Amino acid sequence: MILIGICGESGSGKTLTSEIIARKLNCQVYHLDNLQKEVEVWKRKSFVKKFTVPTNDSNGDEIVVIDPKFKGKRMSSKAVENLYEKVKMSALKSIIMKRILKQRMSKAKYFIIEGTQLPVYISLNMLDIKILMNREFSLRQKDVIKRDNISEEEFEAREEYDKPKIQLCKGFKNVINNNGTKDDLEAKIEDVLNREIDNDRTI
């Protein structure tokens, strides 16, 4: 199985690119944003139930961790949130690896994983084809603010949060500059597939 990873900043065209490749190669694609949302719903609920109970402190900034391994340690809400993020990340990594294994066992020829958080949840060495999406800041900003209904400040905060992940993908062999039309994007995707995949594939 050829594992394809697509990374890039918010609004760079990762989702559209993954869907075009999935159509061309007749394969499945997993969107990390969707997986994160799925895990967020059930994992936070189970985490709060298992690990914490709120205190009656007047400042409301502390939670008692009741899991035995923490011995009832009192933690700030920020510390508990950091603990939760670690639990969520572990769950996501486990899900992703199971889905990759499932694809391998199904004898699938190709499998795509896309998301800004790609280098956080999967070892980049596992990827057979690595694609980094680039797009002009102004185009991304305009589309993301409209798509996600967020402010410029929220967009800029997201940019800062995502920078370390994008930096890890700067060495990707295949870089697609997505500043033109959909037809332009399709042509660039086809160039990448022609370079990376044997010519006998069926499109």
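Predicted model: local features only at pLDDT ≥ 70, side-chain atom pairs only at ≥ 80, totals over all residues.
Modeller: Residues are numbered from 1 along each chain as its sequence is written, and side-chain values use heavy atoms, leaving out hydrogens and water.

Colleague: What percentage of the residues count as buried?

Modeller: A residue is buried under 20% relative accessible area, exposed over 50% and partly exposed in between, with a 1.4 Å probe and protein chains only. The protein has 203 residues, and the buried share is 42%.

Colleague: Which cysteine sulfur is nearest to that of C7, and is C7 buried or exposed?

Modeller: A disulfide needs two cysteine sulfur atoms within 2.5 Å, and the structure holds zero of them. For C7, the nearest cysteine sulfur is 3.0 Å away and belongs to C169. Because its relative accessibility is 0%, C7 counts as buried.

Colleague: Which element gives the largest share of the lining of the largest pocket?

Modeller: A pocket, on a 1 Å grid over the protein atoms alone, is an open set of points where a 1.4 Å probe fits, with protein on both sides within 12 Å along at least five of seven lines; lining residues have an atom within 4 Å of a point. The largest pocket is lined by 31 residues, with S10, D33, Q36, T116 and R158 nearest its centre. Among the elements giving two or more residues to that lining are α1 (14-25), α2 (32-51) and α6 (152-168). The largest share, five residues, comes from α2.

Colleague: What is the volume of the largest pocket?

Modeller: For a volume, we join grid points across faces, edges and corners, then take the space filled by probe spheres set on the points. For the largest pocket, that comes to about 870 Å³.

Colleague: How many residues of the lining of the largest pocket are charged?

Modeller: Asp, Glu, Lys and Arg count as charged; Ala, Val, Leu, Ile, Met, Phe, Trp, Tyr, Cys and Pro as nonpolar; and the others, Gly among them, as polar. The lining has six nonpolar and 11 polar residues, and the charged ones number 14.

Colleague: Is E159 buried or exposed?

Modeller: E159 lies in helix α6. Leaving out residues up to four places away in sequence, E159 touches E9, F137 and R140, where a contact means heavy atoms within 4.5 Å. Since its relative accessibility is 12%, E159 counts as buried.

Colleague: What is the phi of N26?

Modeller: N26 sits in the loop between α1 and β2 (28-31). At 72% relative accessibility, N26 is exposed. N26 is not a glycine, yet its phi is positive, about 55 degrees.

Colleague: What distance separates the C-alpha atoms of E40 and E85?

Modeller: E40 is in helix α2 and, at 27% relative accessibility, counts as partly exposed. E40 and E85 are 45 residues apart along the chain, and their C-alpha atoms are separated by 9.6 Å.

Note on methods:
Helix = DSSP H or I, 4+ residues; strand = E, 2+ residues; numbered from the N terminus.
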